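Here is a short report for a reader new to this structure.

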Amino acid sequence: MWVNEKTTSQTLSLMVVDAVLEKKAQEVVLLDLRDLPEAVCDFFIICHGTSTTQVKAIGDYVTFDIKEKLKEYPISSEGMKNGEWVLVDYADVVVHVFHKDKRAFYQLEELWADAYSVHYSDDGEVLVK
């Protein structure tokens with residue numbers, strides 16, 4: 001089973017935020033897409049690392065931590081080979097871990113600017129809602 005029926009997408013998204021922060025992801029943003037008609041999922045988590053090694057480590061740790069704590073498995077993951085943009089897809093929750101330069105180039109937060117967003121400090125405090 002890929003998705004635990006008891007886990008909500010909101011719970012999963014908050015657990016992912018905790019996981020990326022544990023691996024020192026920077027500028028973590030949680031986008032709530034549930035009210036957007038064109039949305040492909042419920043939540044995006046967007047963050048970045050400062051090296052390809054860190055980007056891959058964050059992506060790996062999300063998969064490991066969510067599996068251990070929630071018994072959830074991603075539907076797919078991409079980008080682990082080059083570490084420029086790692087995507088971990090849990091269907092209703094999609095995690096985007098960028099290398100800092102790639103994040104600035106793709107600007108996903110701008111693409112989904114109509115979404116409700118929560119920004120986190122490096123120590124996990126909510127900065128902006």
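## Glu125 and its surroundings

Glu125 touches His119 and Tyr120, with residues up to four places away in sequence not counted. Contact here means heavy atoms within 4.5 Å. Glu125 sits in the loop between strand 6 (116–120) and strand 7 (126–128). Helices (H or I, at least four residues) and strands (E, at least two) are DSSP runs, numbered from the N terminus.

Glu125 is exposed, at 52% relative accessible area. Buried means under 20% relative accessible area, exposed over 50%, and partly exposed in between (1.4 Å probe, protein chains only). Glu125 and Ile58 are 67 residues apart along the chain, and their C-alpha atoms are separated by 19 Å.

## How to read the model

This is a predicted model: local features need pLDDT of at least 70, side-chain atom pairs count only at pLDDT 80 or more, and totals for chains, interfaces and linings use all residues. Residues are numbered from 1 along each chain as its sequence is written, and side-chain values use heavy atoms, with hydrogens and water left out.

## Salt bridges

A salt bridge is a side-chain nitrogen of Lys or Arg within 4 Å of a carboxyl oxygen of Asp or Glu. How many salt bridges does this rule give? The count is four. Among them is the pair Arg34 and Asp32, with N to O at 2.6 Å. Arg34 is partly exposed, at 41% relative accessibility. Asp32 is buried, at 17%.

Glu109 and Arg103 also meet through their side chains in a salt bridge, at 2.3 Å from N to O. Is Arg103 buried or exposed? Arg103 counts as buried, because its relative accessibility is 7%.

## The pair in helix 2

Another salt bridge joins Lys69 to Asp65, and their closest N and O atoms are 3.2 Å apart. Both residues belong to helix 2 (residues 52–70). They are four residues apart there, so about one helical turn separates them.

Lys69 is partly exposed, with a relative accessible area of 47%. Asp65 is buried, at 3%. Which residues does Asp65 touch, not counting those up to four places away in sequence? They are Met15, Ala19 and Leu70.

## Two positive phi angles

Lys24 has a phi near 65°, a positive value in a residue other than glycine. Lys24 lies in the loop between helix 1 (9–22) and strand 1 (26–32). With 59% relative accessible area, Lys24 is exposed.

Lys71 also has a positive phi in a residue other than glycine, near 60°. Where is Lys71 found? Its place is the loop between helix 2 and strand 3 (76–78). Lys71 is exposed, at 52% relative accessibility.

Ala91 lies in the loop between strand 4 (85–89) and strand 5 (93–99). Its relative accessibility is 30%, so Ala91 counts as partly exposed. Ala91 and Cys41 are 50 residues apart along the chain, yet their C-alpha atoms are separated by 6.5 Å.

Thr8 belongs to the segment before helix 1. Thr8 is partly exposed, with a relative accessible area of 42%. The C-alpha atoms of Thr8 and Asp92 are separated by 8.9 Å, and these residues are 84 residues apart along the chain.
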